[in-house]
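Hi,

Here is the model I promised to pass on.

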Amino acid sequence: MTDAVIECRNVWKIFGENSKEAHSAVIERGLSKKEILEQYRCVVGVADVSFTVRQGEIFCIMGLSGSGKSTLVRHINRLVEPTAGVIRVANQDVNALEGPQLRQLRSQSVGMVFQNMALLPHRTVIDNVALSLELRGMSRADRHDVALEKLRLVSLDGWGDRYPDELSGGMKQRVGLARAMAADPEILLMDEPFSALDPLIRRQLQEQFLDLSKVLKKTTVFITHDLDEAIRLGTHIAIMKDGRFVQVGTAEQIVTEPVDDYVADFVKGISRLELVSAGKVMQPLAAGQTPAPSSPSVLASDKLSKLLQVAKEHDGVITVSDGKRPVGVVSRYDLLNAVSG
Amino acid sequence: MAECGFLDPFACGKLPLAEWMTAGLRWAVDNYRPFFQAVKAPVDSMLLSFTAALGAVPPMVVVLVVALVAWQIAGIRLALGLVAILLFVGFIGVWPETMLTLAIVLTSLIFSLALGIPLGIWASRSETLYAILRPLLDGMQTIPAFVYLVPVVMLFGIGNVPGVIVTVIFAVAPVIRLTYLGMKQVPGDVVEAMRAFGATESQLLWKAQLPLAMPTIMAGVNQTLMMSLSMVVIASMIAVGGLGQMVLRGIGRLDIGIATVGGVGIVALAIVLDRLTQALAKPRKKGEWLSKGPIGLVRSVAKTSRTDQAQQLPSSAIKN
């Protein structure tokens, strides 16, 4: 896989003085989280996580607080040192980087957005946005030019001379986003960026972010505790619990094929209308069977919402085709079953 | 009298702590006096230049400078208040003593900051250092100041320079403590963000930690200054001149007049220095002070005269 931008292999993070011993004990004897805490007084943050994020993908890591998702994402720019495992970012082994190379990775290749914004309160908005460029020694005029352009990108032009405390929460996080993008990094790490915002603003920022990523095509790792958000944004979603990935897949896979009760519990309240496609719910045609010619037809990739529209106007079964010929049918019964989950 | 026994073990003998201290100090004096004398040199030269400068400048120039600085950092009201206080000090006839005390206090302040701020920053990064420093600081702040007059006199002698040294020992604790506190209070997420964007340790310190800790550090500076001033009378016992000397003489001769004049001078100096450093401690946004006070006035005058010229130029060009 040449287009893998971020690659994590068997990453472990164990906090505590005896983390190395605890780690080998886990590997050799397969201790549980609780046993490690009792025997080694160590806390397991991330346990044996592997994943790959490809060029331009938005990889959502979804989990409740304490599940280790924030710890995991900090391995990518080595704000946290792993106890074991390999992390490769843009074909470099992050753990092998020396001081200057690591700083170069952080200031040029990886931009990060934080849950509580973490803007510098004593600096103007434009100086906050230009931070990574300043740290790397770009001249004042040049970095302000870039910062102005990034502020325009998040529709905050004209706010450059204000201070962070003069901005609303949503605006601050847009500054945070502009700051992360100032160096034009290949990778964005978003650590629950919209969690602290109220629902309406959160929705707006999610849309703005989706629009931006369609244009800029940044490889993104997006941390959230909100499954709705993960489904709306993520190309792939990983569900994390107790430091492990429980399930990784597309939104549709997670919703329609939850691997266990934990995931099933999460997806229960999620609307399936925009996620599940006709191909998933149809009854395949037996060989030689043809549907009634008068029945309406949809594509296998059409979502349930489309099927509902069609079913409102036609009484009988709906034909599902792969674009060329019919491959299955959906009855009202199938449709109701699919919607209720 | 009491007999040595279980009920009164103290009669059996005593730990010779006093003798040990005497012997220890004598040993230090015998072996390290040249070292302590060398420490005096930089203090001496700085104190001399302060005294010379403050003594040579006409009083009204000092008043004017204080007024301008106060106007700049706090506003016109404080400036007027401080002018009134300084004039009062001058008219009760203690101007030279006040200037000497000011020189001593400023020298102590500079050495306290040069010592205290780096130590505070270092302690905030090393818990071991802080664990060592904390009981030392507690001791320095609780041991009565009279106690360390003795070793200071034996190691450094008497006069203004040992006075500065004893004042630094007494007054350095708050700036160390508050620098430590200010550095610890810098939000962890800001530090993390700086690291995430590739800051080196020194960039982290200069661009984020120090600016954010500055109000707290300035509160420490203020405290250190006030403690230096409170040391003025005690230090006068080892022949430090200035306002403290007047108070001490007043006590010695039961002369209420001279004690009052000296005391009032100290209070006046305390008010001036306190208000100035407190105004400095207020968090302020970059560039804000450029548009305020005398500098703001000069700038706005310069600006209007420039635009006047700019407007006049075309009209004169038309005439020609």
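Let me start in chain B, with residues 143-176: their end C-alpha atoms lie 17 Å apart, and the span is 74% helix and 0% strand. Helices here are DSSP runs of H or I with at least four residues, strands are runs of E with at least two, and both are numbered from the N terminus. Before you read on, note that this is a predicted model, where local features need pLDDT of at least 70, side-chain atom pairs count only at pLDDT 80 or more, and totals for chains, interfaces and linings use all residues. Residues are numbered from 1 along each chain as its sequence is written, while chains are lettered from A and ligands numbered from 1 in the order in which they are written.

That span is one of those that UniProt, in an unreviewed entry, lists as "transmembrane region" in chain B; the others are 47-70, 76-95, 102-123, 224-244 and 256-276. UniProt positions are in the numbering used here, feature names are shortened, and annotations may be inferred rather than shown by experiment. Residues 102-123 of chain B are 100% helix and 0% strand, with end C-alpha atoms 30 Å apart.

As a whole, chain B has twelve helices and zero strands. Its radius of gyration is 26 Å, whereas a compact globule of 320 residues would be near 20 Å (taken over C-alpha atoms; the globule rule is 2.2 Å times the number of residues to the power 0.38). The C-alpha atoms of chain B fill a box of roughly 110 × 60 × 40 Å along the principal axes. Of the 320 residues in chain B, 33% are buried (20 or more other C-beta atoms within 10 Å of a residue's own; exposed is 12 or fewer, partly exposed is in between, and C-beta atoms are placed from the backbone).

Now to where the chains meet: 17 residues of chain A are in contact with 15 residues of chain B, contact being C-beta atoms, placed from the backbone, within 7 Å. On the chain A side, helix H4 (99-109) and helix H6 (131-135) each supply at least two residues, and H4(A) gives the largest share, four residues. By class, that side of chain A has eight nonpolar, six polar and three charged residues. Nonpolar covers Ala, Val, Leu, Ile, Met, Phe, Trp, Tyr, Cys and Pro, charged covers Asp, Glu, Lys and Arg, and the others, Gly among them, are polar.

Chain A splits into domain 1 (55-76 + 93-267) and domain 2 (278-340), with bounds from an automatic or database domain assignment. The C-alpha centres of these two domains lie 39 Å apart. UniProt's unreviewed entry puts "domain: ABC transporter" at residues 31-267 of chain A, a span with 42% helix and 22% strand.

Chain A also has an open sheet of four strands in the order E2-E1-E4-E5, with antiparallel pairing (two strands pair if DSSP finds at least two bridges between them). Strands E2 (43-54) and E5 (92-93) of chain A are at the edges with a single partner strand each, so one side of each has no neighbour in the sheet. Five bridges join E1 (residues 4-15) to E4 (residues 84-89) in chain A, and Cys8(A) has Ile87(A) in E4(A) as its bridge partner.

Last, Ser295(A) sits in the loop between strands E11 (283-284) and E12 (297-299) of chain A. Is Ser295(A) buried or partly exposed? Ser295(A) is partly exposed, because 16 other C-beta atoms lie within 10 Å. Beyond its neighbours within four places in sequence, Ser295(A) is in contact with Gly316(A), Val317(A), Ile318(A) and Thr319(A).

Cheers

Notes
Contact = placed C-beta atoms within 7 Å.
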